[in-house]
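Here is a model to read together, one feature at a time.

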Amino acid sequence: MKKILFDWNGTLLDDLDYTFQTVTALQNYYGVKPLADVEAYKSVFGFPIKDYYQRAGFDFSKIDWDECGHHFMDAYVKDFKKTRLNPQSLSILRQAREANVGCYILSATRLDLLKAQVESFPELNGLIDGVYGIGDIFASSKAGAAREFLSTCLSWDEIYMVGDTEHDLECASEIGAKCILYDGGHQSRQVLEKHHAVIVSSLQEAWEYINAGSHH
């Protein structure tokens, strides 16, 4: 069976501008010079999250990382309703459902928060077969959650990972999945192009690649 593991933030969920605004507010709170724009954000974002914060100007010899992480998450959760699904998410999930392709969500969000976020979009009901998150809010890696997903698969399942960051590629490699990177999320195309991966500019393009079963 074909199965697709979708990243959440920046892939199925369009939270790029919202996250940028939340990070900017956090920088202002801690007296850190804000990033110039969304493109500047996309050029420094990555995993582990702590490393990206340092690239964004946070000095953890002066700022408490633990407090900073909680501060961001509290602010992000508070106005989460400002986010929206990627305009193509429902369409490709429905196409996958019609083609009998399993759809799952993998995120570096703490699992209880992730489930609450997914459930806040009732239109996703019946389109997602499973949700995999992590055990804390510090987003160091979701590779463990990817391995947990793999343990539910059969050896002949054909697994695809669709995400917007280098970390999605790492997770795909970890579980032997074919990876498709979407350039409309949290990392710039220039960052993604450093790797040998299929890069698409829309989720529909990702679905067409998977549906064709092309392995070039």
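This is a predicted model: local features need pLDDT of at least 70, side-chain atom pairs count only at pLDDT 80 or more; totals for chains, interfaces and linings use all residues.

Q: How are two packed helices described?

A: Two packed helices are described by the angle between their axes and the distance between the axes.

Q: At what angle do α5 and α10 pack, and how far apart are their axes?

A: The angle between α5 and α10 is about 15°, and the axes are 9 Å apart. Angles under 35 degrees count as roughly parallel, so α5 and α10 are roughly parallel to each other. Their crossing is right-handed. On the α5 side the contact is made by Ser 89, Ser 91, Ile 92, Gln 95 and Ala 96, and on the α10 side by Leu 203, Gln 204 and Trp 207.

Q: Which residues of α7 and α8 meet, and at what angle do the two helices pack?

A: Helix α7 covers residues 143-150 and helix α8 residues 166-175; they pack at an angle of about 40°, with their axes 9 Å apart. That angle makes α7 oblique to α8. From α7, the residues in contact are Ala 143, Ala 146, Arg 147, Phe 149 and Leu 150; they meet His 167, Cys 171, Glu 174 and Ile 175 of α8. The crossing of this pair is right-handed.

Q: At what angle do α1 and α4 pack?

A: For α1 and α4 the angle is about 135°, with the axes 10 Å apart. Angles over 145 degrees would count as roughly antiparallel, but α1 and α4 are oblique to each other. The crossing of α1 and α4 is right-handed. The α1 residues in the contact are Tyr 18, Thr 19, Thr 22, Val 23, Leu 26, Tyr 29 and Tyr 30. In α4 they meet Glu 67, Cys 68, His 71, Phe 72, Ala 75, Tyr 76 and Val 77.

Q: Asp 17 also lies in α1. Where is Lys 42 relative to Asp 17?

A: Asp 17 and Lys 42 are 25 residues apart along the chain, and their C-alpha atoms are separated by 11 Å. Asp 17 itself is partly exposed, with a relative accessible area of 46%.

Q: Which residues of α6 are buried, and where do they sit around the helix axis?

A: Helix α6 spans residues 111-119, and its buried residues are Leu 113, Leu 114, Gln 117 and Val 118. They cover an arc of only 130° around the axis, so they lie on the same side of α6. These buried residues pack against α4 (65-78), β4 (102-110) and β5 (130-134).

Q: Which residues of α10 are buried, and what do they pack against?

A: In α10 the buried residues are Leu 203, Gln 204, Ala 206, Trp 207, Tyr 209 and Ile 210. They pack against the helix α5 (89-98) and the strands β1 (2-7), β6 (158-163), β7 (178-182) and β8 (198-200).

Q: What does Ala 206 touch?

A: Leaving aside residues up to four places away in sequence, Ala 206 touches Val 162, Ile 180 and Val 200. Ile 180 is 26 residues from Ala 206 in sequence, yet the two are 6.6 Å apart in space, C-alpha to C-alpha. Ala 206 has 2% relative accessibility and counts as buried.

Q: How many disulfides does the structure have?

A: A search of the whole structure finds zero. A disulfide needs two cysteine sulfur atoms within 2.5 Å. For Cys 171, the closest cysteine sulfur is that of Cys 179, 8.9 Å away, so the pair is too far apart for a bond.

Q: Are Cys 171 and Cys 179 buried or exposed?

A: Cys 171 has 0% relative accessibility and counts as buried. Cys 179, at 11%, also counts as buried.

Q: Which peptide bond is cis, and where is its proline?

A: The cis peptide bond joins Phe 47 and Pro 48, with omega about -5°. Pro 48 is in the loop between α2 (38-44) and α3 (49-55).

Q: What is the phi of Asn 100, and where is this residue?

A: Asn 100 has a positive phi of about 60°, although it is not a glycine. Asn 100 sits in the loop between α5 and β4. Its relative accessible area is 57%, and Asn 100 is exposed.

Methods:
Residues are numbered from 1 along each chain as its sequence is written. Side-chain values use heavy atoms; hydrogens and water are left out. Buried means under 20% relative accessible area, exposed over 50%, partly exposed in between (1.4 Å probe, protein chains only). Helices (H or I, at least four residues) and strands (E, at least two) are DSSP runs, numbered from the N terminus. The arc is that of the directions from the helix axis to the C-beta atoms. Contact means heavy atoms within 4.5 Å. Axes are lines fitted to C-alpha atoms, for helices over the stretch in contact, and angles run from 0 to 180 degrees between N-to-C directions. Angles under 35 degrees count as roughly parallel, over 145 as roughly antiparallel, 65 to 115 as roughly perpendicular and the rest as oblique. A crossing is left-handed if the near helix is turned anticlockwise from the far one by less than a right angle, and right-handed if clockwise.
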